[in-house]
Amino acid sequence: MKIRAAVLEEFAKPLVVQEVDLDGPAPGEVLVRLGACGVCHTDMYTASGADPSGYAPTVLGHEGAGTVEAIGEGVTSLAPGDHVVTLFSPQCRQCVHCESDKTNICLSIREQQNLGYLPDGTTRLHRSDERVRHFMGTSTFAEATVMPEIALAKVSPEAPLDTIAALACGATTGIGAALYVAKVEPGSTVAVFGAGLVGLGAVAGAKLAGAERIICVDLDEGRLQQARHHGATDTLIGGPDAPVQIIEMTGGFGADYTFEATGNVKVMAQAVESARMGWGLCTIAGVAGKGETLDIIPRWLITGRRVAGASFGGAKGRDRVPELVDLYLDGKLDLDAFVTNRIALDEINDAFAAMDRHEGVRTVITQF
Ligand SMILES: NC(=O)c1ccc[n+]([C@@H]2O[C@H](COP(=O)([O-])OP(=O)(O)OC[C@H]3O[C@@H](n4cnc5c(N)ncnc54)[C@H](O)[C@@H]3O)[C@@H](O)[C@H]2O)c1
Ligand SMILES: [Zn+2]
Ligand SMILES: [Zn+2]
């Protein structure tokens, strides 16, 4: 079939929305018609050429939600009409990592996915003879995509697709950092650095977990207002003295749980320093630039602080994303407030520009 898709033709150039060919699903694969797709920093980072593992031509996009249109041979967990959230982090339920509750990093299709291929080493995307690679195994800046069954979370059809698309990456990354990585305990004190979608997700997750005090740090007052909406009890304009202020605000000790969601290695160090001596746990969610390192004073660790990190909030996507959708439907998680702009696929380059200017929390493509 022919689909409209936003193709990265050349790094550091605008994406080109055009018709490409999409083959039907091979065994174990599923054809999904996208209803919505969020625009994430990782898409822009890859488009810029700064990511050394990037490739072109490829169809970008990884924060998708849609409806199953067709299934390949042997697919048993999904049927046409099902609503799904796309997972750049799959869950095969069979590999040694999927069988462990210590990690969400499924090993089954990693190598091919990192190269831009589906698990059998080929692509369903092409322009006549030219192969077009699949980005993050998802390629959701498109009317439709073909993905492995193990990379799709089946969710309640009652939830609007444009709202739950955020769970395909940013929102789950933050919420999961609080719920599945740090496992925030009721009554705790929490500090979250960064109030983009990931940091706001961590605030919402900490609130869900019953944290008593949630301090959110950002450079932007508007973002801090959003944080208060999602459950922050205190807010702070960021800067080098943020740790001192957080330690003061928490009786001289620091927060039981801290979260970093900026991608800035200096802020990562602040988040470690702001964790409570004795047992404070700092969870890093931000992605630093290539070659950057995190500078930690060893004394912070010897005096009992710990550091953790996770991709996709430690969430095993096929299990967790449907649960988060249900929490939204039960009114316990305000995903609607994360979506600040809705656009058409043709406006994708404007969305990147707006992201560069830090406008809004999440822009979601709703017209393809
Ligand atoms: N681990 C994962 O799987 C995963 C998934 C998605 C995104 N990420 C990463 O998470 C990070 C956050 O993503 P996002 O979409 O929320 O980004 P965002 O740019 O929307 O939000 C980052 C926020 O950090 C704030 N900030 C910048 N400098 C600060 C400072 N010195 N002190 C306090 N706040 C500061 C900014 O004002 C902004 O509001 C990025 O690094 C992104 O790449 C990781
Ligand atoms: Zn993302
Ligand atoms: Zn697995």
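Colleague: How far apart do the C-alpha centres of domain 1 and domain 2 lie?
Modeller: This is a predicted model, in which local features need pLDDT of at least 70, side-chain atom pairs count only at pLDDT 80 or more, and totals for chains, interfaces and linings use all residues. Residues are numbered from 1 along each chain as its sequence is written, while chains are lettered from A and ligands numbered from 1 in the order written. Domain 1 covers 2-168 + 334-367 and domain 2 covers 174-311, with bounds from an automatic or database domain assignment. The distance between their C-alpha centres is 29 Å.

Colleague: How many residues of domain 2 are in contact with domain 1?
Modeller: Contact means that two C-beta atoms, placed from the backbone, lie within 7 Å. Domain 1 brings 10 residues to the contact, and domain 2 brings 9.

Colleague: What radius of gyration does the protein chain have?
Modeller: The radius is taken over C-alpha atoms, and the globule rule is 2.2 Å times the number of residues to the power 0.38. For 368 residues, a compact globule would come near 21 Å; the chain agrees with that, at 20 Å.

Colleague: How many strands does the protein chain have?
Modeller: Helices (H or I, at least four residues) and strands (E, at least two) are DSSP runs, numbered from the N terminus. The chain has 11 helices, and its strands number 19.

Colleague: Why is α4 called oblique to α5?
Modeller: Axes are lines fitted to C-alpha atoms, for helices over the stretch in contact, and angles run from 0 to 180 degrees between N-to-C directions. Under 35 degrees is roughly parallel, over 145 roughly antiparallel, 65 to 115 roughly perpendicular, and the rest oblique. Helix α4 (residues 170-181) packs on helix α5 (residues 197-208) with axes 7 Å apart, at an angle of about 40 degrees. That angle makes α4, relative to α5, oblique.

Colleague: Which hand has the crossing of α4 and α5?
Modeller: A crossing is left-handed if the near helix is turned anticlockwise from the far one by less than a right angle, and right-handed if clockwise. Where α4 passes α5, the crossing is right-handed.

Colleague: How does α5 lie relative to α6, roughly parallel or oblique?
Modeller: Helix α6 (residues 221-230) packs on α5 with axes 9 Å apart, and the angle is about 20 degrees. So α5 and α6 are roughly parallel.

Colleague: Which residues of α6 meet α5?
Modeller: The crossing of these two helices is right-handed. From α5 come Leu200, Val203, Ala204 and Lys207; from α6 come Gln226, Ala227 and His230.
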